[in-house]
Amino acid sequence: MPLTGTAPTFVTVLLRGLLAGLVAGLLAGTFAYVVGEPHVEAAIAIEEAATHAEPAADGHQHGEDAVVGRNGQRGGLFLATGLFGVAMGGLLATAYVLLARRRRTVDDGRSGLLLAAGALLGAVIVPFLKYPPNPPAVGDPATIDQRTVTYLLMVVLGLVAVWSGSLGYRSVGEHAPVWLRASAAVGGFLLVTVVSYVVLPSFQEVPGDFPATLLWSFRLASLGTQTVLWTGIGLLFAALMHRRLAATGARLAG
């Protein structure tokens with residue numbers, strides 16, 4: 001049973017979400033640096049080799065130095081993942097508070113884990129299967145705006161798919177068999193996902209001579225980075241909320 005008078009304030013939940021996001025973001029940055037950076041370096045080497053092989057027909061030399069060097073980019077990786085983690089942790093905490101009245105469980109930690117798992121599924125895995133990320137050497141600059149818009153739309157539709165699955169699970173009824181409720185959840189999720197995959201355009205811009213092993217190693221590293229991020233946010237947020245509940249319970253008992 002929930003403890004009376006223990007409902008956390010929005011600021012309390014938000015601070016815990018921000019802290020969980022920051023730590024998880026730094027962990028994700030470490031994973032990206034260790035696992036992903038070698039694949040990025042290899043892709044950049046392929047891009048530079050192809051660039052130097054092209055004739056400078058426009059009178060300009062290829063391979064000009066980037067505005068930010070690779071060392072700066074590596075350092076910025078941790079800043080980017082840390083800030084992104086903070087933002088996602090804040091969004092998770094906000095969703096936690098907004099959905100407080102609709103939760104079926106009184107376990108704060110479990111609720112946080114379920115929200116993080118839903119975000120991982122809807123905002124990461126669903127878009128990944130439709131639009132897997134490509135390394136720096138892959139992609140047509142002319143389509144970058146279209147690819148960005150469709151990817152963000154796929155993220156939104158992925159979250160809608162998760163919501164549809166949750167709605168299907170709830171709509172069957174609390175006294176229905178577990179297998180029926182699970183089937184309704186999967187059906188609702190797949191309905192939105194499949195329609196989204198069919199309606200949204202596809203982009204096939206990977207050169208035929210690009211190493212397939214490098215391509216999928218990069219993609220899996222990118223997926224792993226997001227998985228570490230959301231798993232970390234979920235676990236840390238759940239631990240912080242559980243600690244708050246336990247501390248409040250101890251004060252009430254005393």
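1. In this predicted model, the largest nonpolar core has 20 residues, of which Val 13, Leu 229, Trp 230, Ile 233 and Phe 237 touch the most other members. A nonpolar core here is a set of buried Ala, Val, Leu, Ile, Met, Phe, Trp, Tyr and Cys residues joined through side-chain atoms within 4.5 Å. At least two residues of this core come from each of α1 (10–53), α2 (70–98), α3 (108–130) and α6 (212–253), and α6 gives the largest share, seven residues. Helices are DSSP runs (H or I, at least four residues), numbered from the N terminus.

2. Leaving aside residues up to four places away in sequence, Trp 230 touches Met 88, Ala 116, Ala 119, Leu 120 and Val 124, where contact means heavy atoms within 4.5 Å.

3. Buried means under 20% relative accessible area, exposed over 50%, and partly exposed in between (1.4 Å probe, protein chains only).

4. Residues are numbered from 1 along each chain as its sequence is written. Local features need pLDDT of at least 70 and side-chain atom pairs count only at pLDDT 80 or more, while totals for chains, interfaces and linings use all residues, and side-chain values use heavy atoms, with hydrogens and water left out.
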